[in-house]
Amino acid sequence: MGGVNQTDIPPVLVTGATGRVGRVVIDQLLEAGVPVRALTHRSEAAATLPAKVEVFTGDLTVPESLDPALKGAGAVFLVWTAPPQTAEAVIERLAAHVRRVVFLSSPHQTPHPFFQQPNPMAVLHADIERLITGTGLESTIIRPGMFASNSLAWWAPAIRADDVVRWPHGAAETAPVDDRDIAAVAARTLHQDGYVGGDYVLTGPESLTQAAQVGVIGDALGRRIAFEEMTPDDFRSLWEGTAPSPVVDMLLAAWSAAVGQPAYVTTAVADILGTAPRTFHQWAADHATAFTEGA
């Protein structure tokens, strides 16, 4: 039998394996014929992953727990979901075992007011990037802007209840990027050559106000959804106890800065995948049932 044998390709370890992006990265890699390992906190997560995936239980807060998953792997998709304390030890372990890392970061260096607000996550991302650079690992940094799927967490409850969507800074413009496009870029940079040293800001193809995004979801559902401006203070009260206040403050500051400014839009998704990024309308149409029946 000719062709490339699966065993010739070192496996890729996916952290954040059950997350919004990691889970789709796994499917993309398997489709490309790349063997996949998944790192999960709990062994029962294995049930939600494709049978072909080799599942390892490990935790970023316990760096030595990663060793079995890293041994013999070729690349790692790194999604940092832990406190920063163990970052240095984890990156050292990656460098000892694998050649390549693709890190899911954020556009914290992007010269657009939306991405320039004080953000505790950005500080962590910058630290991890610095650690990766210091090791000599082959690295690619991907920086998604606003995730299209955020709108499910934000607006689906009101839409399911057939209620008005109340939200602050309705005029703030963002360019939501489809999670599937983020995952496809990650998978491509994990298993194909030519992306080492790459640093990509990923956005959707168009700048839309938040109010317009709610309208797009309405179009996908075939009904009009009313949008009502909410004050930042009401928003803070609404999210108290649900989201950490620095995150709420960061979002409010970012949206406030994005009012009356077209969103930052890049061609990175198309450049890497060779196909146009999915529009927000396409995302909404493909997720219509999640807005009507619950996820």
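**Entry 1: α6 and the sheet**

I started with helix α6, residues 179–191, which lies across β1 (12–14), β4, β5, β6 and β9. I checked its direction too, and α6 runs at about 165° to β5. A reminder to myself: this is a predicted model.

Next I looked up the sheet itself. It is an open sheet of seven strands, and I wrote down the order as β3-β2-β1-β4-β5-β6-β9, with parallel pairing. Which strands stand at the edges? They are β3 (54–57) and β9 (199–202). Each has a single partner strand, so one side of each is left without a neighbour in the sheet. From one strand to the next, the twist averages 20°.

I then zoomed in on one pair. Strand β5 (residues 100–104) and strand β6 (residues 138–144) run parallel and are joined by five bridges. Inside that pair I found Val102 of the chain standing opposite Thr140 in β6. Helix α4 (residues 120–135) also packs on the sheet, where α4 touches β4 (75–78), β5 and β6. The direction of α4 makes about 170° with that of β5.

**Entry 2: two residues of α4**

His125 lies in helix α4. Is His125 buried or exposed? With 7% relative accessibility, His125 counts as buried, because the cut-off for that is under 20%. Leaving aside neighbours within four places in sequence, I found His125 in contact with Phe103, Leu104, Ser105, Ser106 and His108.

Ile128 has its place in helix α4 as well. Its relative accessibility is 0%, so I noted Ile128 as buried. Setting aside neighbours within four places in sequence, the contacts of Ile128 are Leu78, Trp80, Ala87, Ile91 and Phe103. I looked up one spacing here: Ile128 and Phe103 are 25 residues apart in sequence, and their C-alpha atoms are 8.8 Å apart in space.

**Entry 3: α1 meets α6**

Back to α6, this time for its helix partner. The axes of helix α1 (residues 22–31) and α6 come within 8 Å and cross at roughly 50°. The two helices, α1 and α6, are therefore oblique to each other. I also noted that α1 passes α6 in a right-handed crossing.

Which residues meet here? From α1 I listed Val24, Val25, Gln28 and Leu29. From α6 I listed Arg180, Ala183, Ala184, Ala186, Ala187, Leu190 and His191. By class, the contact of α1 with α6 divides into eight nonpolar residues, two polar and one charged.

**Entry 4: α8 meets α9**

Helix α8 (residues 232–239) and helix α9 (residues 245–258) have axes that come within 10 Å and cross at roughly 150°. That makes α8 roughly antiparallel to α9. The crossing of α8 past α9 is right-handed.

On the α8 side, the contact is made by Pro232, Phe235, Arg236 and Trp239. On the α9 side, I found Val248, Asp249, Leu252 and Trp255. The classes for α8 with α9 come to six nonpolar, no polar and two charged residues.

**Entry 5: α5 and what covers it**

In helix α5 (residues 150–160), I marked Asn150, Ser151, Trp154, Trp155, Ala156, Ala158 and Ile159 as buried. What covers these buried residues of α5? The cover includes β7 (165–167), α7 (210–221), α8, α9, α11 and α12 (288–292).

Phe280 is buried, with a relative accessible area of 2%. Not counting residues up to four places away in sequence, Phe280 touches Ala148, Ser151, Pro176, Glu206, Leu208, Gln213, Val216 and Ile217.

**Entry 6: two positive phi values**

Last, I looked at backbone angles. Just after α5, Asp162 takes a positive phi of about 60°, and Asp162 is a residue other than glycine. Asp162 is found in the loop between α5 and β7. At 61% relative accessibility, Asp162 counts as exposed.

His169 is not a glycine either, and its phi is positive at about 50°. I placed His169 in the loop between β7 and β8 (173–174). Is His169 buried or exposed? At 16% relative accessibility, His169 counts as buried.

Key
Residues numbered from 1 in each chain as written. Predicted model: local features only at pLDDT ≥ 70, side-chain atom pairs only at ≥ 80, totals over all residues. Heavy atoms only, no water. Buried < 20%, exposed > 50% of the residue type's maximum accessible area, 1.4 Å probe, protein only. Contact = heavy atoms within 4.5 Å. Axes fitted to C-alpha atoms, helices over the stretch in contact; angles between N-to-C directions. Helix = DSSP H or I, 4+ residues; strand = E, 2+ residues; numbered from the N terminus. Parallel < 35°, antiparallel > 145°, perpendicular 65-115°, else oblique. Left-handed = near helix turned anticlockwise from the far one by under 90°. Nonpolar A, V, L, I, M, F, W, Y, C, P; charged D, E, K, R; others polar. Pairing = 2+ DSSP bridges.
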